[in-house]
Amino acid sequence: MIIKDVRVITCCPGRNFVTLKIITEDGTYGIGDATVNGRELAVETYLREHVAPCLIGRNAHDIEDIWQYLYRGVYWRRGPINMAAVAAVDMALWDIKGKVAGMPVYQLLGGKSRQSVMTYAHANGDTIENTLDMMEGFVKQGFKAIRLQCAVPGMDGTYGILGEKKDYFEMQNSRPLPPEQPWSTTKYLNNIEGLFRAARERFGDEIELMHDVHSRLTPIEAARLGKMLEPYNLFFLEDASIAENQENYKLIRQHTTIPLALGETYNTIWDCKDLIQNQWIDYIRTAATHAGGITGLRRISDFAAIYNVRTAPHGAPDLSPICFAAQAHVDIWAPNFGIQEFVGFGTETSDEVFSYDHSIKKGMIQVSDTPGLGVDFNEEAAADYPYNRSYLPVSRLEDGTLWHW
Ligand code: GCO
Ligand code: MG
C-alpha cells in the first residue's frame with residue numbers, strides 16, 4: 001500500500017474546510033480533516049509544502065510510524081497547525097486501512113463498546129423563552145441531552161447565540177474580518193441561573209443539560225457559577241475558564257461538584273495530562289482534527305479512563321464530516337465514552353461535497369458499517385465552492401479590554 005499521491009483541498013460549501021486525500025498505488029484512497037477555523041490556509045500550506053512530500057513512497061499501513069514521524073520528527077512538536085496536519089494524515093490512513101480490511105474503523109480499534117453514540121444538541125436563543133422553545137423541538141426529536149446558550153440581556157450579540165448560529169451551521173459568508181462582541185461577566189452571571197431554573201421547571205429532571213462558558217470567567221467566578229448551577233444537575237459545564245493553565249481547574253474543583261468539561265482547543269495528550277491525572281475534570285473534549293487524529297484520541301481516551309475521566313469530543317460545525325466520522329468510530333469503541341457534541345451532519349450545500357453513511361435516531365448516532373470511515377469527499381463538487389476568508393468573533397469587555405472568547 002505505497003502512497004502515490006497526496007492532495008490538499010480547501011473549500012467553502014457554506015464554511016471553510018481543509019481536506020486531505022491520500023491515494024495509494026492501487027487507487028485506494030483515504031480522507032482526513034485538517035480544518036483550523038480562521039487559519040485554514042496555514043494548515044493547507046503546511047500540509048502541501050511540508051508534509052505531502054514526506055509521505056510519498058511510504059507504506060500507508062504504517063499508521064503509528066507515520067504518526068511518530070510527523071510528531072517527533074519535526075522537532076517543532078505540537079501546536080494547532082502541525083497537529084491538524086498530523087490528524088488529517090492519521091484519519092486518512094485509518095480510512096485506507098479500513099477499506100483494505102473490509103471493516104469499519106471501529107472494528108480495527110477493538111470493536112463496539114455500545115450499540116449507538118449518545119449526542120447532545122444545541123438550543124440557542126435571544127431570550128430564555130426562545131432558548132427553551134428551541135429545546136422543546138429537540139426534546140420532541142428524542143434528544144436525551146441538550147446544551148443551552150442564551151443571549152445576555154443588555155449586550156449586543158453574544159457569541160454562539162444570535163445571527164449566524166440560528167440555523168446552527170454557523171455559515172461563514174459574512175465575516176471577512178473578525179467581528180467584535182461585547183462581554184459583561186456581571187450581566188452574564190445575573191442571567192444564567194434563570195435559564196437553567198426555567199429549563200428544569202419546563203422539562204423536568206430527566207433530560208441532560210449542559211452549558212458552554214467559552215472560557216470567559218476567571219477561576220473563582222467559574223467556581224461561583226458552578227455552585228450556582230449545582231441545583232440544576234448539569235451533565236457538564238464546559239470551558240468554565242481558560243484552558244492554558246490547567247491549575248485553574250484545581251481551584252474550580254475545590255469549590256463545586258458540578259461536572260467539568262474541557263479540552264476542545266488542546267492538541268496533544270500533554271495539554272490535558274495534569275487535568276486528567278489530578279481528576280480536576282470529568283470530560284475531556286479533545287477533537288480528532290485538533291488532537292492528533294484517531295491515534296491521538298485513542299491514547300487520550302485510554303489515559304483518561306484510568307482516572308474516571310470520560311470523553312466528550314468537540315463537534316462544532318467547523319469540524320468537517322470527516323472529523324465527525326473519525327470521532328464516531330472512536331466514540332463507539334471507547335470504553336469511557338461520555339457524550340458526543342452534535343450540530344447536524346451538514347447543510348444541503350455541504351452535503352454536495354461530503355457524503356456520510358452515519359445516521360441519527362432519537363439523538364443517538366448509528367455508526368456506519370461501511371469499510372473505512374464511512375464518509376466521502378467529492379472533489380469536483382468542492383471546486384464550485386472556493387475558500388472564503390472568514391474569522392471567529394473577538395470579545396471585548398464593555399470598557400474595550402480584549403477578553404477571552
Ligand atoms: C463548541 C465550541 C465551538 C467553537 C468553535 C471554534 O463547544 O461547540 O465552543 O462553538 O466556538 O468550534 O472554532
Ligand atoms: Mg465549546
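Which residue is the bridge partner of lysine 21 in strand 3? In strand 3, lysine 21 is partnered by isoleucine 31. The model is predicted, so that local features need pLDDT of at least 70 and side-chain atom pairs count only at pLDDT 80 or more, whereas totals for chains, interfaces and linings use all residues. Residues are numbered from 1 along each chain as its sequence is written, and chains are lettered from A and ligands numbered from 1 in the order in which they are written.

Strands (E, at least two residues) and helices (H or I, at least four) are DSSP runs numbered from the N terminus. Three strands form an open antiparallel sheet in the order 1-2-3. Its edge strands, strand 1 (3–11) and strand 3, each pair on one side only; pairing requires at least two DSSP bridges between two strands. On average, neighbouring strands of this sheet are turned by 20° against each other, direction ignored. Strand 1 is joined to strand 2 by eight bridges, and aspartate 5 stands opposite isoleucine 23 in strand 2. Helix 1 (residues 40–55) packs on the sheet, where it touches strand 1 and strand 2, and its direction makes about 175° with that of strand 1. Axes are lines fitted to C-alpha atoms, for helices over the stretch in contact, with angles running from 0 to 180 degrees between N-to-C directions.

Strand 2 (residues 17–24) and strand 3 run antiparallel and are joined by five bridges. Together they form a hairpin with four residues between them, and glycine 27 in the turn has a positive phi of about 95°. In strand 3 (residues 29–33), five of five residues are buried, a residue being buried if 20 or more other C-beta atoms, placed from the backbone, lie within 10 Å of its own. Both faces of strand 3 are covered, with Tyr29, Ile31 and Asp33 on one side and Gly30 and Gly32 on the other.

Alanine 92 is placed in helix 3 (residues 80–101). Alanine 92 counts as buried because it has 31 C-beta neighbours inside 10 Å. Beyond its neighbours within four places in sequence, alanine 92 is in contact with Leu20, Lys21, Ile22, Gly30, Ile31 and Gly32, contact meaning C-beta atoms, placed from the backbone, within 7 Å. Alanine 92 and glycine 32 are 60 residues apart in sequence, yet their C-alpha atoms are 4.6 Å apart in space.

Ligand 1 is surrounded by ten residues, the closest being Asn37, Asp212, Ala316, Asp318 and Leu392.

Definitions and conventions
Buried ≥ 20, exposed ≤ 12 C-beta atoms within 10 Å, placed from the backbone. Contact = placed C-beta atoms within 7 Å. Near = placed C-beta within 6 Å.
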